[in-house]
Amino acid sequence: MPTIQDVARLAGVSPTTAKRALRDPDKLTPDTLARVQLAIDQLHYEPDQRAGSLRGGQSSTIGLILASILEPFFAQFARTAAHALADAGYTLIISENEYSAQREIEELRRLYGQRVAGIMLRPGYGPQSRDYLARLAARGVAVVEYDYVHLHSPYPSVMLDNRGAMVQAVQYLHGLGHRDIAALGTYHPVIHPEERSRTFPEAMNDLGLTVPTEYQRVTLLTEESAYVLTHELLSLPRPPSALIALTGTQAIGAYRAIRERGLRIPEALSLITFDNYPWTALVDPPITVLEQPAEAMATATVRQLLTQLGGAAVTPVHEVFPARLIERGSCAAPATTLLSRA
């Protein structure tokens with residue numbers, strides 16, 4: 001890789017003059033500037049922006065930790081964040097923790113090794129990374145959490161109103177006549193500490209319903225785990241009449257299992273999911289969804305991070321965005337209700 005010294009040597013100037021051509025070109029004579037620019041073009045020289053920003057006392061790099069790079073919500077979030085940060089003069093480094101706080105420690109170390117100015121973090125499950133994250137914040141790294149936060153987290157955050165969205169889903173299915181409803185994941189304080197899974201049985205209880213023990217499974221937010229769980233639930237003597245997928249990727253697994261069993265949606269089973277992914281509108285019938293405003297959430301996360309980087313002391317802000325219910329064809333009254341009305 002060519003250095004600024006190589007550029008200076010080819011242009012016949014000092015390294016200081018070559019650097020000035022990049023930083024303060026108007027301070028050089030037209031002839032000198034032209035020789036340096038020609039040398040840069042011939043050598044295909046590119047300045048080390050990270051080193052330059054560190055010498056100036058402020059990194060221009062931001063870290064973004066996703067939970068899963070396979071989840072389209074995080075891909076859309078990352079794309080929007082990258083554009084917003086580029087407009088502000090920052091470069092983005094992306095990594096993932098796979099929902100694990102233990103893995104998150106290594107990702108945080110790698111990002112700090114790059115001397116990032118700030119980190120946008122989707123926290124992993126578990127307490128292992130909290131002490132290290134606190135040390136980074138104490139060293140001046142700006143931190144904003146999004147999509148999920150630990151209880152009593154001290155950092156600014158951007159969230160979906162997961163509780164309100166789950167209550168809306170349960171009430172919607174209840175209004176159609178469903179009583180045997182299952183969510184694809186049961187709350188667990190370590191393995192699955194999600195607000196969506198925590199709220200589900202509470203929302204059922206508020207309507208005078210309970211979640212049968214055989215419906216309750218602690219599982220991961222993956223396509224394969226949802227596929228297996230859906231098969232298990234539909235094999236029960238009294239299977240659910242409606243399923244709630246906690247992510248769009250889970251919905252893919254559930255949809256596969258339902259199709260493999262030869263069941264028709266919504267005649268045999270209703271399905272509703274979080275996340276308005278493109279495929280949900282393309283299948284037959286299209287899937288009813290609770291849409292997360294991924295772009296708005298990413299923009300808000302970047303805005304909070306840039307506010308911290310501005311240097312002013314700010315009180316942590318916790319922004320919450322509502323979900324939007326988009327009714328399609330995958331939910332209807334359960335078969336038993338239809339028969340009783342005939």
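The buried residues of α5 pack against β1 (61–66), β2 (91–96), β3 (118–121), β4 (142–146) and α12 (294–309), with contact taken as heavy atoms within 4.5 Å. The model is a predicted one, in which local features need pLDDT of at least 70, side-chain atom pairs count only at pLDDT 80 or more, and totals for chains, interfaces and linings use all residues. Residues are numbered from 1 along each chain as its sequence is written, and side-chain values use heavy atoms, with hydrogens and water left out.

Staying with α5, the buried set is made up of Phe-73, Phe-74, Phe-77, Ala-78, Thr-80, Ala-81 and Leu-85. Here buried means under 20% relative accessible area, exposed means over 50%, and partly exposed is what falls in between (1.4 Å probe, protein chains only). An α-helix has 3.6 residues a turn, so residues three or four places apart point the same way. The helix, residues 72–87, has 16 residues and should span 22 Å at 1.5 Å a residue; its end C-alpha atoms sit 23 Å apart, which agrees. The expected span is 1.5 Å times one less than the number of residues. Just after α5, Gly-89 takes a positive phi of about 90 degrees.

Zooming out, the protein has 13 helices and 11 strands, both being DSSP runs numbered from the N terminus (helices H or I, at least four residues; strands E, at least two). Its radius of gyration is 26 Å, well over the 20 Å that the globule rule gives for 342 residues, so the protein is more spread out than a compact globule. That radius is taken over C-alpha atoms, and the rule is 2.2 Å times the number of residues to the power 0.38. The C-alpha atoms fill a box of roughly 90 × 40 × 30 Å along the principal axes. Of the 342 residues, 50% count as buried. Among contacts between residues at least 6 apart in sequence, 73% join residues at least 24 apart.

Leu-173, in helix α8 (residues 162–175), is buried with a relative accessible area of 0%. Setting aside residues up to four places away in sequence, Leu-173 touches His-178, Ile-181, Ala-242, Ile-244, Ser-270, Ile-272 and Cys-331. Beyond its neighbours within four places in sequence, Gln-250 is in contact with Leu-184, Thr-219, Leu-220, Leu-221, Thr-222, Ala-226 and Ala-245.

The peptide bond from Ile-265 to Pro-266 is cis, with omega near 5 degrees, and Pro-266 sits in the loop between α11 and β8 (270–274). The bond from Asp-284 to Pro-285 is cis too, with omega near 0 degrees; Pro-285 belongs to the loop between β8 and β9 (288–291). Positive phi in a residue other than glycine turns up at His-44, near 55 degrees, in the loop between α3 (30–43) and α4 (49–55). His-44 is exposed, at 65% relative accessible area. Glu-98 has a positive phi near 55 degrees as well and lies in the loop between β2 and α6 (101–113), where Glu-98 counts as partly exposed at 46% relative accessibility.
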